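Dear colleague,

I am passing on to you the structure that we spoke about, and below it you will find some notes on what turned up when I went through it. Please read them with the structure open beside you.

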Amino acid sequence: MRFVPRATIAVLVASGLGLSGVLVAAPAGADTSPSPSPTVVSTTTPGAPTISDIKRGLASGQLVVSYAAPASDGGSPITAYEASIDSGAAWWPCTGTAGSCTLTNLSNGADYSVTLRALNAVGAGPASAAVSASPSAPAVADPDKPEKLPKPRVWTNASFNAASNNLGVDGSRTKLGVGTLPKLTFTRAITDKRAVETHLSVTAVLQDGRVKKVKGAWGWMSDRSAVFRPIKYWPGHATIMISSTLDRAVLGRSGAKYVIGSKNLATTWTFKTARKLVAKVDGQKVNMRVWINGEKVKTFPVSLGKSEWETRNGVKVISTQKEETHTYLSTSLNLGPEEEYELEAPWNTRLTPTGEFIHTATWAYGRIGRYNGSHGCTNMFESDAKWIFDKTIPGDVVVYENTGGTTVQSWNGPGGLWNIPWDQWLKKSALGSNGVVDTTDATAGSGGQEASA
């Protein structure tokens, strides 16, 4: 209720104005002197609050914003705070205790530019400085890493080889072709292989800076070693990162003792790929086509193995085993006198330990590109064989098809493991199998005759 001074009533009556529609006369003897004017207080909006910290919330899709009140409330108590995640296009009331504002229903991994503002009786004040933050799902306790490690225990470490498929190079010092196969070798036998695979992630940092998860699976060659094979080949011009959180993880038992990952297994192993070179050899078309980074750059005529000496189908991978000259002998194949020969050829690139080469075959120029007539090698014109010799690097891929031959065995050269069918490869993985892991060393084996000429 508002009280009106008597003097004011008298003035209103004298001027003919009514108070609430009623004319009221001043009582006799009333003080009609004017009263003093009330003091006017100037009120504005509050100043901007200050965001001091933003943390992930207790639930998925939450951010908790900590803030300090504005230096000035504008002369009127602050009644509320509001938050914006889109540069002030929309404002939402803050929830939470004083000094804290909880934002909900956000997308995990998305980047938000968060600002706050304060409100009083006059209205909303200016926004705070923006702070960027991304919500994420709350961390889940790792069942393989109990807070108190079991006893008795022993520790295990691991070594890394980026070019384990006998490429002949140190993968940590040189860029590799996209057919390389990295391998981890542990210092102790691992009985819980699932725990190992769960704590390893494989990503590729592409040339444009994007980070891409590499789809593939670990294949165990023994209880101590595993090879990672992508579903496809590695991307070219990339940095491959194999990140390990195996430190303090319980990886099974060794007798009565628990095997625990050492602190050194909190690490990331890396290697780099060069341009992506993949060649395809077709025994029916008697040619070789070469792609670099997805673009076909060469088509070469070839001649492959003749009947009963068919070149093997499948993936073969280049290594450092190259010879500027090589002498091919019929005696290495136990050929009879009717096929006796001793032929020297330049620019020889070996594909398998059983003797398949890509090489110059001057004696075969009449059939190259027309029909197959070798004893298993890939015959080429000299300039073409030299191009392969000069331009290929360890890890480059050569795929053979329609040769009429068998498929390259898993143990037969740097490309061998690529020829295991994918459903069989998954049987060598704890995450890909039904729990019974095939630890047979698929690289063990030898045999076959030396293909030649």
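A residue counts as buried here when its relative accessible area is under 20%, and since this is a predicted model, please take every value below as computed from that model. By that cut-off F228, at 3% relative accessibility, is buried.

Aromatic rings

The structure holds 11 aromatic pairs. In one of them, the ring centres of F186 and W220 lie 6.2 Å apart with their planes at 20°, so this pair is stacked. The two residues come from distant parts of the chain, 34 residues apart, with F186 in strand β10 (residues 183-186) and W220 in strand β13 (residues 216-220). Both ends of the pair are buried, F186 with a relative accessibility of 3% and W220 with a relative accessible area of 0%.

Another pair brings us back to F228: its ring centre is 5.2 Å from that of W218 and the planes stand at 65°, so the two are edge-to-face. Here too distant parts of the chain are linked, as W218 belongs to strand β13 and F228 to strand β14, 10 residues apart. W218 has a relative accessible area of 5% and is therefore buried, and W218 and F228 form one aromatic cluster together with W234 and F271.

Charges and a polar contact

The charged end of R229 sits over the ring of W425, 5.3 Å from its centre, while K322 lies over the face of F389, at 5.7 Å from the ring centre. A further arginine, R350, lies in strand β24 (residues 342-350) and counts as buried because its relative accessibility is 14%. A polar atom of the R350 side chain lies 3.0 Å from the backbone oxygen of T352.

The largest pocket holds about 350 Å³ of space. It is lined by 14 residues, and those nearest its centre are K212, V214, K232, Y233 and P235. The elements giving two or more residues to this lining are β12 (211-213) and β14 (225-230). By class, the lining of the largest pocket consists of eight nonpolar and six charged residues, with no polar ones.

The second largest pocket has a volume of about 280 Å³, and of the 21 residues that line it, N165, N166, W411, G413 and P414 are the closest to its centre. Its lining has eight nonpolar, 11 polar and two charged residues.

With best wishes

Definitions and conventions
Residues are numbered from 1 along each chain as its sequence is written. This is a predicted model: local features need pLDDT of at least 70, side-chain atom pairs count only at pLDDT 80 or more; totals for chains, interfaces and linings use all residues. Side-chain values use heavy atoms; hydrogens and water are left out. Helices (H or I, at least four residues) and strands (E, at least two) are DSSP runs, numbered from the N terminus. Buried means under 20% relative accessible area, exposed over 50%, partly exposed in between (1.4 Å probe, protein chains only). A polar contact is a pair of N or O atoms within 3.5 Å; within protein, one must be able to donate a hydrogen and the other to accept it, and residues adjacent in sequence count only if both atoms are side-chain atoms. On a 1 Å grid over the protein atoms alone, a cavity is a set of points where a 1.4 Å probe fits but cannot get out, and a pocket is an open set with protein on both sides within 12 Å along at least five of seven lines; lining residues have an atom within 4 Å of a point. Grid points are joined across faces, edges and corners, and a volume is the space filled by probe spheres set on the points. Ala, Val, Leu, Ile, Met, Phe, Trp, Tyr, Cys and Pro count as nonpolar, Asp, Glu, Lys and Arg as charged, and the others, Gly among them, as polar. Rings of Phe, Tyr and Trp (its six-membered ring) pair if their centres lie within 6.5 Å; planes under 30 degrees apart count as stacked, over 60 as edge-to-face and the rest as tilted. A charge sits over a ring if NZ of Lys or CZ of Arg is within 6 Å of the ring centre and within 35 degrees of the ring normal.
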